[in-house]
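Thanks, everyone, for making the time this morning. I would like to walk you through one model, chain by chain and contact by contact, with the cut-offs stated as we go.

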Amino acid sequence: MTPNLHLWLIPILPLIGAAINGLFGKRFTRQITSAVALIFSGAALAWALWVALQFSPAIAPYKEFFASWIRAGDFRADFAFYLDQLSLVMLLVVTGVGFLIHVYSIGYMWEEGGFYRFFCYLNLFMFFMLTLILAANYLQMFIGWEGVGLASYLLIGFWFTKDSAASAGKKAFIVNRIGDFGFLIALFLLIKHFGSLNFDQIFSSIMPMGPETQGSGLLTSIGLLLMVGAAGKSAQIPLYVWLPDAMEGPTPVSALIHAATMVTAGVYMVARSHVIFDRAPGALMVVAIIGTLTAFFAATIGITQTDIKKVLAYSTISQLGYMFLGCGVAAYSAGVFHLMTHAFFKGLLFLAAGSVIHAIGGEQDMRQMGGLRTKIPWTFWTMTAATFAIAGIPPFAGFFSKDEILWQAYSSVHGSWVYWLIGVITAFMTSFYMFRLWFLTFFGEYRGTAESHGHDDHSHAGAPAPHGHGGIHESPRVMLVPLVILAVLSVIGGWVGYHNTFENFLAPVFRAGVTTSAEAGQAAASTESHAEEGARESLLMGISIAAAVGGFFLAWLLYHRRRDLPEKVAHSLGGLYTGVLNKYYIDELYAALFVAPLIRGSSKLLWRGIDQNVIDAGLDNSAEAAREVSDTVRHMQSGNLRSYAGWVAAGAAGVVLYMIWIGIR
Amino acid sequence: MIPLSYYLVLSGILFACGVTGFLIKRNIISIFMSIELMLNGVNLSFVAFAAEWKALSGQIFVFFVMVVAAAEAAVGLAIIISVFRTRETLNVDQVNLLKL
Amino acid sequence: MLHLALFSLFGAICVAGAVNLLVQRHPINSALSLVVVMGSLAGEYLLLGAEFVAAIQVIVYAGAIMVLFIFVIMLLNAGVEEHTQGSRVALLIGVPGMVIGTVLVAWVLVAHSGTQEVALGALPGPPKTIGWLLFHDYLLPFEVTSVLVLIAIMGAVVLAAPARSVQQTKREG
């Protein structure tokens, strides 16, 4: 007997927390606000854990109907929840990491104004994200999709009095919107051709269909449009430009939304729609190409950045590219695996970076840091764990997931060695810039000014207002405990990949979608014996480990041993270096190509041309014309009897004329 | 034997004179008299047609027109008298309280 | 022949009177020319054989209505018309309109009357038949007009009465 899991509680609890904090938080003390936020997000986590305990593959997929919503003829869309292995994984990641970040934020934001507002938005984000994950139809997923975009906007622009923060929020929302447009069109196509947006109905309609020929057909279009949406939400080329700017928000926001959860919504959506993608090789290829290019591209930019949060932002974009690469070669479980480990170590990286920033009083420029490992040991060790994890060094978490993706990129039926090669080079660069960050921040001599003055006056992007307790100090325990927990997860989190345990766990979700011909192709392709395949896999694994270690070595060389070298290298590369440093001027390009003409067109054409000269003018002029006509006609009412008589005579003549004319015709 | 049209032309002339008087004259009473002239012209036309078609109802109609003209003249003149009492003038151009 | 001559005679007097009405500046002169018009019209009616109407014309129109007019003119001591310029519209639009209308109507009537001719004394019947018609076929309009006249009398009395204060009316009961 399938137990009633009451899935609806999981999103609703944070919503209640958001409502309480939002409506009454102004009168609460900080303690009460944090308690409310923690209780409700913690309750969601507890419930999710309980659901996980109740879950078994036998009851998957678990469907729960909550309320009916749209009934329009044949079309039905309801509020319903859907739980299978995939959403269970996402659920645990989101609630777990989310709760930890709630705890961390209490410490980080303690001195800030708008405390209750922050937690209200944070809980609101949890609600929307959980709605997205647990949705049983695309429409509900879209609600969550839009909602997390909204929460992201609210949180990025949390310090809205700062111009850069407000603009960053707007940029995020607008760029997201462009992606959402693609998503919407995909939804329309789904409604038109399948008459429904429910996962069950759509996927069972699609199951019997065979794979489409390259680059044509309905499923390919839907897949591509879904990818546009995912590119917007998950910051892939060409819609990634909002994520670096989003670092204007508080660091916990960057950790939660822009590292661990919201940006992974795109990956989740692609994985959820795998039934469609499996039958659209053209769309899959596009996904893989976009993922690979983004990973490479963002990594190159990450090498040159000097702001610690910006490095992590580009790193996020790059790692998301890996996840899309995984999905793009139909290795969805590998992509989701990397999503999970990435949530751990990237969340940890951001939180630890926040701790560093907090420690040195608001400074974010790595050139002003250094030698912090002795001063903030806890932060140092947890960040080390995360750095090793992201670099892909065994036995840390990132190694397993990244290696799985690289292997699938090479060996999958949709994969190719090109993907693998670019992936390995990117892994090398990832390791390099992460260790560069590590060395610059924690090793060498301290280059900043916090210790001598005891407090800093500038508050940087994404940093809280500096507070005056002097010197470099470790963060309070409320911030450290989540760091430690995430560090532990970064170490052991990848071990579920051992012996393909994780993949097997998710297999029922993804196996159900693969067409028989693809399976046959898969089987046919693996004509090599298992031993050969195992040897090749070990070889490739070795190469990726070598890349990671190579990156470490290069970073050690440039940023620890020979500190003078980076300058020389940068000089010799000259223009290339400047280009990369300025993010290849993509932002400027977009501004010139899209933003400036849009603003110009809007103000000249839409505002002056149409609004003022056509709409306003039409209204004003017609009123003016009416007034003038009446002004002229008014003179007929002169009060003079004889003029009335004159008009009567003229009118009578007119009537006679008319009647004669009628009579003649 | 006179063609009907002669009578009609005469009637038309009388009517035209009546309308002209109505438009030109400035004394209220003169205007009223022009109205009577118009009515007379119409009466002539009625009787001419009645004679043409040998139908007596034309005469009856003239009879009624005269009665109505009499009633109208009575009331109209009474109004003129009361207007004169208030405005002290018989000039129609000065009875213009409705003017803006 | 005689018919035409008489017609022209009376017609000429008619038109002359009408034009004189327009031309005269003093209302009393206009009133008297109107009397002339009515008299000549009575002659025209006789030519058409409508003796009853002719008689009525003289008795009622010329005899009563015009007398009423003259009474009022004398009562109000109407003088020569002042030459005020009241309305350009009346002259510029009204007169041409009137001319056009009249010409059109006359033209239509003349065009459609064809070659019908009216004989001297064409209308049949003694006044007895008129009486018969009045009290049989046209009884309702007859009665209604009598009510109309009654109302006119009352209206004229009320309107023309001198303005009295409320106290006065009350005192007189």
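Predicted model: local features only at pLDDT ≥ 70, side-chain atom pairs only at ≥ 80, totals over all residues.

Residues are numbered from 1 along each chain as its sequence is written, and chains are lettered from A and ligands numbered from 1 in the order in which they are written.

Chain B has three helices and one strand, arranged from the N terminus as β-α-α-α; here helices (H or I, at least four residues) and strands (E, at least two) are DSSP runs, numbered from the N terminus. Of its 100 residues, 60% count as buried, where buried requires 20 or more other C-beta atoms within 10 Å of the residue's own, exposed is 12 or fewer, partly exposed lies in between, and C-beta atoms are placed from the backbone.

Chain C, for its part, contains seven helices and one strand, in the order α-α-α-α-β-α-α-α from the N terminus, and 29% of its 173 residues count as buried. Among contacts between residues at least 6 apart in sequence, 56% in chain C join residues at least 24 apart, and the corresponding figure in chain B is 49%.

Now to the interfaces. Between chains B and C, the contact takes 63 residues from chain B and 73 residues from chain C. On the chain B side, H3(B) supplies the largest share, with 22 residues, and by class that side has 47 nonpolar, 10 polar and six charged residues. For these classes, Ala, Val, Leu, Ile, Met, Phe, Trp, Tyr, Cys and Pro count as nonpolar, Asp, Glu, Lys and Arg as charged, and the others, Gly among them, as polar.

Strands of the two chains also pair, which by definition needs at least two DSSP bridges between them: S1(B) and S1(C), residues 117-118, are antiparallel over two bridges, with Ile2(B) bridged to Val118(C).

Between chains C and A, the contact takes 13 residues from each of the two chains, and the chain C side has eight nonpolar, five polar and no charged residues.

In chain A, S1(A) (residues 62-72) is hardly covered, with one buried residue among its 11. S1(A) pairs with S2(A), residues 75-83, in the antiparallel sense over nine bridges, and Arg71(A) stands opposite Arg76(A). The two strands form a hairpin with two residues between them, and Gly73(A) in the turn has a positive phi of about 65 degrees.

Which residues have the most contacts inside the largest nonpolar core? They are Phe125(A), Met129(A), Leu134(A), Val287(A), Leu348(A), Leu349(A) and Ala386(A), in a core of 210 residues; a core is a set of buried Ala, Val, Leu, Ile, Met, Phe, Trp, Tyr and Cys residues joined through C-beta atoms within 7 Å. H15(A), residues 332-359, gives the most to this core, with 18 residues. A second, separate core of 78 residues includes Ala16(B), Ile29(B), Leu77(B) and Leu123(C).

Finally, Gly361(A), in the loop between H15 and H16 of chain A, counts as buried because 28 other C-beta atoms lie within 10 Å.

Conventions
Contact = placed C-beta atoms within 7 Å.
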